[in-house]
Amino acid sequence: ENVGRNRKRVCLVTVSLSLSLVILNGAYSMSNSLNMDAYLSGLISHDFVMGDVTWFNVMTNYVDADTLDDDFLDELTEYKGIESLEKIYFSEKLCPLDEHWDGMAERVETELEADADYIEHLKDQLYCGNLVYHVYGIDDAVWDDVTVWQGEIDLEKLRSGNYVVVSPYDEEGKLNVYEVGDKVDVFTKNGESRNCEVIAIASIPYGISIQHSHPAEVNIFMPSEVFLQYVEDKCPMVVTLDVEDDEMDTMEHFLKEYCEKRNQNMQYTSKATYIEEYEDTQRTYKMVGIVISVLLAMIGIANFANTSITSIVARKHEFAVLESIGMTLKQQRRMLVLEGLIYMLLTSVVTCTIGAVIGYYGISLLLSGSNYYTITFTIMPSMLCMPILLMLTIIIPLLSQKYVNCESVVERLRRTE
């Protein structure tokens with residue numbers, strides 16, 4: 001009955017306490033929703049990836065350099081524990097547009113809902129009549145990393161040099177410029193062109209592809225031997241490396257020393273680096289959530305303490321009268337503890353019902369545009385905090401009541417008179 005005397009204050013205390021728990025649940029859930037496999041698959045699919053420094057720097061154009069030459073690769077293969085070493089070759093060529101690009105700007109605008117600036121850049125490139133060819137030559141094992149949207153990867157056909165795999169226009173495979181069965185011209189190192197048939201629409205992971213793009217471009221994939229024979233005879237753009245777990249530190253040490261002391265034009269990254277970044281991101285979410293939750297919890301606890309103390313002081317005469325007619329201190333404490341438990345119950349109910357719904361949909365809204373997250377919502381953090389709040393809702397009223405009862409019953413009755 002006493003709790004209901006000031007409903008606005010009850011709502012304020014309940015909301016402030018619940019809000020801290022809801023944010024704590026949200027921060028913990030966001031950190032756990034970060035899917036490491038999805039995170040790594042978009043960045044790196046091998047233990048190590050090596051390339052020229054210009055390939056790693058997205059702010060500069062990749063320079064065709066002989067960084068990953070045969071001498072380096074021969075030295076690399078001498079190390080024990082290598083499970084696979086795969087090469088990705090690359091060539092960029094400026095070619096005239098073909099009929100498949102007719103009306104592409106309108107299709108991109110309507111089907112992909114691209115913004116106006118992007119459409120303007122696409123139209124400018126199409127108006128100039130230029131098409132950028134990104135031609136890749138990839139080793140056999142790299143085809144396992146390829147995401148196939150349409151058709152089928154047939155290595156026997158691809159090795160003939162008469163067939164190629166082409167990428168969709170967008171990363172999600174929603175829009176195609178070329179379809180399976182279409183013909184596409186692949187320009188050779190002699191300046192001639194080979195009319196090849198598209199047998200599949202596929203994409204390779206960003207972590208092993210060129211790090212820049214153009215509004216009007218086509219990515220063409222073929223086996224390494226076909227690339228070297230017809231397109232360009234050169235060093236690979238990227239080399240991927242998988243090693244046994246026992247040799248991971250040894251290989252890391254070799255690559256680090258090689259890049260820092262022997263060839264500063266070469267750079268590498270490792271899966272371990274991205275795993276560390278992933279764990280740092282998780283820790284950041286949790287720390288930010290904990291800090292905000294602690295601040296809000298302190299505000300909520302202060303509101304509860306203020307409400308409790310104010311209520312007990314205001315009822316000082318009431319307690320004195322009750323005590324004078326036979327109410328014991330134990331009964332008073334039980335009543336005050338019960339009032340604190342009501343606040344605790346209200347906070348728990350709000351957190352586990354309305355708070356849980358708000359937290360889940362709030363996280364879903366925040367993470368809806370990311371492919372790295374799998375929504376994993378939980379109220380476990382708030383449940384773990386409940387015993388602490390329970391103790392505080394018991395201790396604060398008892399300490400307040402002890403302070404009020406420092407005077408005798410007669411003095412309290414006389415003072416109020």
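**View 1. T240 sits in strand β9 of this predicted model.** With a relative accessibility of 0%, T240 counts as buried, because buried means under 20%. Look around T240 and you will meet the residues it touches: H46, F48, V49, S84, L85, E86, I88 and I208. That list leaves out residues up to four places away in sequence.

**View 2. D74 belongs to a negative surface patch.** Here you can pick out D70, D71, D74 and E78, which form the patch together. D74 lies in helix α4, a run of residues 70-77. Its relative accessible area is 48%, so D74 is described as partly exposed.

**View 3. K123 is part of helix α6.** Follow residues 116-128 to trace this helix, and you will find K123 along the way. K123 is partly exposed, at 39% relative accessibility. Now find R159, which is 36 residues from K123 along the chain. The C-alpha atoms of K123 and R159 are separated by 36 Å.

**View 4. L384 is an exposed residue of helix α14.** Helix α14 takes in residues 380-404, with L384 among them. The relative accessible area of L384 is 58%, and L384 counts as exposed because that word means over 50%.

Definitions and conventions. Residues are numbered from 1 along each chain as its sequence is written. This is a predicted model: local features need pLDDT of at least 70, side-chain atom pairs count only at pLDDT 80 or more; totals for chains, interfaces and linings use all residues. Side-chain values use heavy atoms; hydrogens and water are left out. Patches are made of residues with over 30% relative accessible area and no salt bridge: like charges are joined within 9 Å, nonpolar side chains (Val, Leu, Ile, Met, Phe, Trp, Tyr) within 5 Å. Accessible areas come from the Shrake-Rupley method with a 1.4 Å probe; for residues, only the protein chains shown count as cover. A salt bridge is a side-chain nitrogen of Lys or Arg within 4 Å of a carboxyl oxygen of Asp or Glu. Lys and Arg count as positive and Asp and Glu as negative; His and the chain ends are not counted. The place of a charge is taken as NZ of Lys, CZ of Arg, CG of Asp or CD of Glu. Helices (H or I, at least four residues) and strands (E, at least two) are DSSP runs, numbered from the N terminus. Buried means under 20% relative accessible area, exposed over 50%, partly exposed in between (1.4 Å probe, protein chains only). Contact means heavy atoms within 4.5 Å.
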